[in-house]
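Dear colleague,

Please find the structure below, passed on to you for your studies.

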Amino acid sequence: MIKKYILGVNKKVKYIILFLLLAVTVLVSLYIIKSKNNLKVCYNSNEWLTMKGDSFYYKKKVGEITCNSASVDYELSGIDTFWEIDVEEKKDISFQCNNMLQKGKVKLILISPTNEVKKIFEGNVEGVCAVQLEKGVSRIRFVGEKAVGKLDINIECDNTVKVKVIENHLEFDW
């Protein structure tokens, strides 16, 4: 009788543990799916594009980002801020851009100090892209939706323009 009771409890415990593992697996899967869907929504949403923090998922990001250039092989979904640019007065700057997009959608945007979104380029591009900066701190953001490609970009500006690299740029290739 005691043996049956112990075996019965063990079966109940096994079923409870199995149920809990299944529930946790389902919840984690739903969270991951929701997070990836949010990254899809952000591509065209000014609310997401202008938010202070970044929200991105890189499957691959190999390269280097400096204060005046970026050279990156990427697989990106989301928004990644590359630079903050500070100017004392309105100023025109240009970007020497070469983006070879293999799959998905990608764009480089400028967020003005007043949170206005200006597109620098979208998709494949080769050549010079110019934009006017307003007085204050602007952000340059790289935005992708299931984007795979290679980006090479140089910032062309004078020494009155202060460019700061945003330090969330680790190299990895999963």
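**Findings: cores, rings and one serine**

In this predicted model, the largest nonpolar core has 31 residues, and those with the most contacts inside it are Tyr74, Trp83, Phe95, Phe121, Phe142 and Ile153. At least two residues of this core come from each of strands E1 (55-65), E2, E3 (91-111), E4 (117-122), E5 (125-133) and E6 (136-156). The most is given by E2, with 8 residues. A second core of 7 residues is separate, and Tyr43, Leu49, Ile79 and Ile111 are among its members. In soluble globular proteins, nonpolar side chains tend to be buried together.

Turning to the aromatic rings, the count comes to 3 aromatic pairs. One of them joins Tyr74 and Phe142 edge-to-face, with 5.0 Å from centre to centre and 85° between the planes. Because Tyr74 lies in strand E2 and Phe142 in strand E6, this pair ties together parts that are 68 residues apart in sequence. Tyr74 is buried, at a relative accessible area of 1%, and Phe142 is buried as well, at 0%.

Is Ser77 buried or exposed? Its relative accessibility is 14%, and the limit for buried is under 20%, so Ser77 counts as buried. The side chain of Ser77 reaches the backbone nitrogen of Lys146 at 2.9 Å.

Yours sincerely

Technical notes:
Residues are numbered from 1 along each chain as its sequence is written. This is a predicted model: local features need pLDDT of at least 70, side-chain atom pairs count only at pLDDT 80 or more; totals for chains, interfaces and linings use all residues. Side-chain values use heavy atoms; hydrogens and water are left out. Buried means under 20% relative accessible area, exposed over 50%, partly exposed in between (1.4 Å probe, protein chains only). A polar contact is a pair of N or O atoms within 3.5 Å; within protein, one must be able to donate a hydrogen and the other to accept it, and residues adjacent in sequence count only if both atoms are side-chain atoms. A nonpolar core is a set of buried Ala, Val, Leu, Ile, Met, Phe, Trp, Tyr and Cys residues joined through side-chain atoms within 4.5 Å. Helices (H or I, at least four residues) and strands (E, at least two) are DSSP runs, numbered from the N terminus. Rings of Phe, Tyr and Trp (its six-membered ring) pair if their centres lie within 6.5 Å; planes under 30 degrees apart count as stacked, over 60 as edge-to-face and the rest as tilted.
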